[in-house]
Amino acid sequence: MKFRGRMIEQLSIKKFYSVIGTMAKIAKSCVMRLTADKVYFILTDQNASGGPAVWCEMEQESYFNEYNIEGVSPEQNEIFLEFVPDKLAKTLAGLKTGLTKSMKMKLTKKNNVPCLTFEVEVPRVCVHDFPVSVLPRKVWGEYKEPPMPPFDVSICLPELKKLRHLMDRFKTLGQAVTITASKQGKLSLKVESDEGVFSTHYPDLRVPVYRDDTLPWRRPDSQAVTDPEFSASVRVDLKRLGLFLAGEQLQPKRAIANIVDSEVLHMFFVHDDLLVQYFLPATSKM
């Protein structure tokens, strides 16, 4: 297996670092999937408390000026690497300054330990050998793209910066937030605590239009189909939602939330050359 890539555009380098920083905020372990066309970052932190799952995909040609990969075989031209994102974010912290002239990434071996070796020019060249684990093919199936949930309501989110500030305030009031969205573009976020009930309402948000008009609604006999005033709700962990939003430093072109009533909040953030999906299960916390 071989991999080598090089970036020379400052914006691409900063965006690449932003993705690593996002992963570092959310989970202790991350899998990087390298293919001929894309680079994926995958988190499967599904523990007993209902941890989040994150799927991020980047168009490699939008970031890398040079990109060469030889996977495990010509038929399976892919490489899966597991690493600790927090350590990598700290190692590459200089990338967020915007002063980096170039960055090279290469899959290497140091003392028989697989590494991603980074050569960062700022302007002098710094070399970082970062240990990774190469995942065998037998576990690749655990890192497939998660299917889009058959949701009840889909809605475009308000400006993420304001949403982040709102979640920060809510965290001082309770542990969970109830998110309710309607097919009419109404969104509310509510926290209940001993001090009272606190809520914020957005009355007129955009509703995504899907080519297949059956897609957004879960079941043909669902109330979401027959009732134009139908709304779906899900209560999710405030801290985990805050981690997702804190990681989205880049303002996406579209930020969409899909709600499976009482079960899952699925958010996806669409950029020109980057797609990030977050899956957050319902919580029983108040």
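Select Val153 first: it stands opposite Ile259 of strand β16. The model is a predicted one.

**The sheet**

Now show the open sheet they belong to, with its nine strands. Its order is β10-β6-β2-β3-β4-β18-β17-β16-β11, and the pairing is antiparallel. Colour the edge strands, β10 (133–134) and β11 (153–156). Each of these pairs on one side only.

**Helix α4**

Move to α4, residues 160–170. Which of its residues are buried? Pick Leu160, Leu163, Arg164, Leu166, Met167 and Phe170. Look down the axis of α4: these buried residues line one face, because they fall within an arc of 165 degrees. In an α-helix, residues three or four places apart point the same way, because there are 3.6 residues a turn. Then turn to the face of α4 that points away from the buried side, where Lys162 and Arg169 are exposed.

**The cores**

Next, show the largest nonpolar core, with 73 residues. Phe41, Val177, Leu189, Leu241 and Leu265 touch the most other members. Helix α1 (residues 10–26) gives the most to this core: eight residues.

Centre on Phe41 and hide its neighbours within four places in sequence. What is Phe41 in contact with? Its partners include Phe16, Val19, Ile20 and Met23. Among the others are Trp55, Cys56, Met58 and Phe83.

Last stop: a second, separate core of nine residues. Val31, Phe80, Leu135 and Tyr143 are among its members. Val31 is also one of the residues in contact with Phe41.

Key:
Residues numbered from 1 in each chain as written. Predicted model: local features only at pLDDT ≥ 70, side-chain atom pairs only at ≥ 80, totals over all residues. Heavy atoms only, no water. Core = buried A, V, L, I, M, F, W, Y, C linked by side-chain atoms within 4.5 Å. Buried < 20%, exposed > 50% of the residue type's maximum accessible area, 1.4 Å probe, protein only. Helix = DSSP H or I, 4+ residues; strand = E, 2+ residues; numbered from the N terminus. Contact = heavy atoms within 4.5 Å. Pairing = 2+ DSSP bridges. Arc of directions from axis to C-beta.
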